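Please look through the model below before reading on.

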Amino acid sequence: MRFTCFPICAAMLVLATAVSCPCVNGQVRTTTSEPELIAIMSSGDTSDEDKALACKRLAIYGSAAAVPELAKLLPDYRFASWARIALEAIPARECDEALRSATKQLDGNLLIGVVNSIGVRRDRESVETLTELLKNPTFDIASAAAVALGKIGDETAAGVLRQSLSQASVEVRSAIAEGCVLCAERILATGNRSLAIEMYDEVRNAKVPMQRIVEATRGAIIARGAEGVPVLVEQIRSPERSMFQLALQVARESQSKEVGKALLSEINSATTDRATLIVHALGDLPNTVEQQSIIDIAANAKKEVRVAAIGVLGRIGDAACVAPLLKIAMESEDLQAPVRAALVDLQDESVNGEILKRLKTAKDETQLLIEVVGLRRIEATAQLETALSSSQAAVRGAALASLGSIVPQDRLSILISQVVAPKYAEDLTAAQKALKEAAVRMPDREACAAELTIASKKAALPTRLALMEILGSVGGPTSLETVAAVAKESDPQLKDVSTRLLGEWMTIDAAPVLLDLAKRGPADKFQLRAVKGYIRIARQFVMSDQERIAMCENAMEAAKQTAEKKMVVEIFSRYPSIGMLKLAVEAAKSPALKEDANRAALTIAEKLKDNTEAQELARKAGILP
Amino acid sequence: MTQPKRRIRRRSFLAKSLGLAGASALPTIIPSSALGLDGTVAPSERIVVGGIGIGGRGTYDLGCFLQQSDVQFNAVCDIKEARRVTVKRLIDDKYGNQDCAMYGDFRELLDRSDIDAVLIATGPNWHATAAVNAAKAGKDIYCEKPCTKNIAQSLVLADTMRRTARIFQAGTQRRNLPHFAFACYLARTGKLGKLKKVYAHPAGMQAMTSGWLPAEEAPEKNQIDWDTYLGPAAWRPFNKKHLDGFNFEKGGGLVGGGVLEWGSHCVDLCQWAMGDCPPPIEYNAPENGELVATYENGAQLIFREKNWIPLGSCPVRFEGETGWVEAGDSGKMVLSSPELLAGRVVEEIGGYPATFHVRDFLDCVKTRSQPKGNAQAAARAHIACHAANIALFLNRQVKLNLANYEFINDEPANRLRSEALREPWRI
């Protein structure tokens, strides 16, 4: 099976080939020999490209032996990062030494690059060097050193960073704070919790950008474990939006019962907007709070908060939520929509059983439960059939809609009878809609169409019209046969509906039916509709060239007006072939079609420029010189 | 050769941000209206978004953002002047004003304290570096894929988003389309039985080291800023063919090819089907158009070029002990049994629109919940792609240790895990 991917992807692959092709020296792309690569690097004749690519190969195949050649490139802005690609990757202490040494000779961005590489390699022996660089008057260099120390992340680096945090200039302090947080994280991972907490707290109390404080506070809460809950609560109450947001995220990260309990306790004192967000967060902490707590919020809080809690119950609740949710919906009409959505969302497998149990004894909540049955696709045909006799129109409407969603094929007659002989006239539209929804999803389409056909034969005119529409949606041979037969009846309404449906039919087997109508019928609007429907199939559907040519011939014959014939001519050039060219040449003999047909013929002849038969035919017809 | 004189920026971010540390100038709460509960959003409560690198794909993403009533898009950054102007006009036309600011350097955009989130749609060379810098500047991030250039970047990306407590959404929009989501749900929840194989379509498996093209005369910096375009990629001379962004330093040490370009979508879906578990631990060289990787639990991730049911681009297939499902970009899926639907009607949305994915991101910006394409999930999927590319490049099996994400006793493979960034960039 061939697969078509995006054009952009194909373009990308073409470029990939272009980029990867060696332009000058293929050897550098393929060799795995370190001596060869070093020789390429050290040769005075090596192109810039090969020098760069040699660095990339040395990143994979190089050793300490390559370091001197690589280090030579560090002062060259064109090759410095190529060299560092290898120096970062080669696992040899000579790389660290070379980078350290380079810090003494470089400045500006080149120095920053080297410092960054030291950080990536986490070279502990560079702490002293980096400590010096922290004092560099160029802020970006000092900042790079601070972050590199953070990446090294041992206690020595931690000491340097802590000391600098209070002393450094304001411009560097953010990077020092970043280094401290990185460092604290590593130190926490080694088990030194108290030092990590000290570092986080120092950053929290420092005059650094808010984002650094956010990061340190997150670390401070997590490093403290259960003892971090008060710090988290402090953030929940913070007037700073970013700190409140942080608390919501850390709470989710923690997944602890203490945190869940703390969040719950803050809901009543929080503003409505914040309480809503706290409830959303509780929804992501399903094992930390009792379901009853969320139910209580859903029942008693302010409306916005209740809506959030109802949504959370839908996500994390079980069958025990069904009764309280129903109660909420009955007490507050404006909460019925979120309750319905929550009842549909509930994942627990016992929920369906609970809903059916409630439906048996339901009173005011009957309509809602019936709606949920349909939306959850619960098999409850018998109960819904009973509900069709309810004295309440809304209940009957819900039952019809839900039957549309769930009725099985062997009970489709329930809905057919509601359409053919509705007990309540006001239910007819809902019944027709439900029957259509059910009919189009029936696994045995032909059996469904046959059942609808039988029903239509006995039905009154308005019902027959509705059943024709449904058969049109169902499709298939049986539906086609029924609609085609109705199209030949004399009633204008039936002819109108059936010819419209045939004109829009989605399968090619409607073509002979339409042709028959087009040829046999009087020259009225139904005949015209049949011709146009036939032409539509010839123009749009997939078929062989021979079949399409035959259809075009038939259409030219059946079309009674020039406008329709021109529609056929338009098809010729869409599917250029000798057969279509012949049809175009023939059509050009008609004065009314001559211009269009000649244009089509010319288009075809141009498209078939390598076909001698076509060229000859076009010349003979005077289309080509 | 010495470095040309380039000013080392002394960013105003620090001082400005310091000013905000003590007392917020922003609303301290998110009103319920901002959650869309009543369908109205006051201008002051909108999420303020800036765009970085808004080209073809970015313009599409931008459209998805502009559809949202709770978004105020007010800044654009691009190294190409013409593109900056075009995107600004697009945004200003939407809002009927002239407020969209233009930047050539994304750090200036990140310095703005009024911007809550950024859309990053640069070429893949920049994705991770820009995302990590944005996170450190306190922005939430919607980032196009592939998000990273190698394994190390993937780990740093996930760690940074966690450490900085930022919301990150990878541009893996298929996670928010119903049929893909349902297929993954079936796999993840055991409805297919014990999951045995997940298939992804890499659409062109190849891995190679990237290089450079012959030098051409560079345009003026104010028209196209080549130095910034190169950004974290190793230096090379200007050549306009690099400017389309595709396969220019996408894979860092290795150019990603289809394994990364498409894998960041289809492998990502396979990972979701697997419950967003850690990536496979063993990757074999491809054989007969299939590259087989094995998860810790024995299930297989198979990069397969052929034999797909024609369901459109980006197909995936999940096979369990009792059933299977296959889905593609047409919006359709094929199931081993209709019983798997359990009466559900799964909406068919073809053409992989990103609207829902953008909405998911914006909702999470407000609630601080994790979006579907979160950094952890994206990192794991990308690591699987990078590791497969390394097996492809070395043309042999590689084994990944999930404890440290290093290859076991395999120095060449480990050296391909990361790649130095050009100065002054770091992540």
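The paragraphs below take chain A and then chain B.

This is a predicted model, in which local features need pLDDT of at least 70 and side-chain atom pairs count only at pLDDT 80 or more, while totals for chains, interfaces and linings use all residues. Residues are numbered from 1 along each chain as its sequence is written, and chains are lettered from A and ligands numbered from 1 in the order in which they are written.

Two packed helices are described by the angle between their axes and the distance between the axes. In chain A, the axes of helix α36 (residues 562–574) and helix α38 (residues 594–607) come within 8 Å and cross at roughly 10 degrees. Helices and strands are DSSP runs numbered from the N terminus (helices H or I, at least four residues; strands E, at least two). Axes are lines fitted to C-alpha atoms, for helices over the stretch in contact, and angles run from 0 to 180 degrees between N-to-C directions. α36(A) and α38(A) are therefore roughly parallel to each other; angles under 35 degrees count as roughly parallel, over 145 as roughly antiparallel, 65 to 115 as roughly perpendicular and the rest as oblique. On the α36(A) side the contact is made by K566(A), V569(A), F572(A) and S573(A), and on the α38(A) side by D596(A), A597(A), A600(A), T603(A) and I604(A). Two residues are in contact if their C-beta atoms, placed from the backbone, lie within 7 Å. By class, the residues of this contact are five nonpolar, two polar and two charged. Here Ala, Val, Leu, Ile, Met, Phe, Trp, Tyr, Cys and Pro count as nonpolar, Asp, Glu, Lys and Arg as charged, and the others, Gly among them, as polar.

Which residues of α38(A) are buried? They are D596(A), A597(A), A600(A), A601(A), I604(A) and A605(A). A residue is buried if 20 or more other C-beta atoms lie within 10 Å of its own, exposed if 12 or fewer, and partly exposed in between, with C-beta atoms placed from the backbone. Seen down the axis of α38(A), its buried residues fall within an arc of 165 degrees, so they line one face of the helix; the arc is that of the directions from the helix axis to the C-beta atoms. The cover over these buried residues includes α36, α37 (578–587) and α39 (612–620) of chain A. From first C-alpha to last, the 14 residues of α38(A) reach 20 Å, close to the 20 Å expected at 1.5 Å a residue. The expected span is 1.5 Å times one less than the number of residues.

Helix α20 (residues 303–316) of chain A is mostly covered, with eleven of its 14 residues buried. Among them are V305(A), R306(A), I310(A), L313(A) and I316(A). The buried residues of α20(A) pack against α18 (272–283), α19 (291–300), α21 (322–331) and α22 (336–345) of chain A.

Another position in chain A is A175(A), in helix α12 (residues 170–189). With 28 C-beta neighbours inside 10 Å, A175(A) counts as buried. Not counting residues up to four places away in sequence, A175(A) touches S143(A), A146(A) and V147(A).

Chain B has 13 helices and 15 strands, and 57% of its 427 residues are buried. Of the contacts in chain B between residues at least 6 apart in sequence, 71% join residues at least 24 apart.

Helix α7 (residues 178–188) and helix α10 (residues 263–273) of chain B pack at an angle of about 40 degrees, with their axes 7 Å apart. That makes α7(B) oblique to α10(B). F180(B), C184(B), A187(B) and R188(B) of α7(B) meet L269(B), W272(B) and A273(B) of α10(B). This contact has six nonpolar, no polar and one charged residues.

Most residues other than glycine have a negative phi, and most peptide bonds are trans. In chain B, the peptide bond from K145(B) to P146(B) is cis, with omega near -10 degrees. P146(B) is in the loop between β5 (140–143) and α6 (151–164) of chain B. The bond from E423(B) to P424(B) is also cis, with omega near 5 degrees, and P424(B) is in the segment after α13 (411–415) of chain B.

C314(B) is not a glycine but has a positive phi of about 55 degrees. C314(B) is buried, with 24 other C-beta atoms within 10 Å. N395(B), not a glycine, has a positive phi of about 55 degrees. N395(B) is exposed, with 9 other C-beta atoms within 10 Å.
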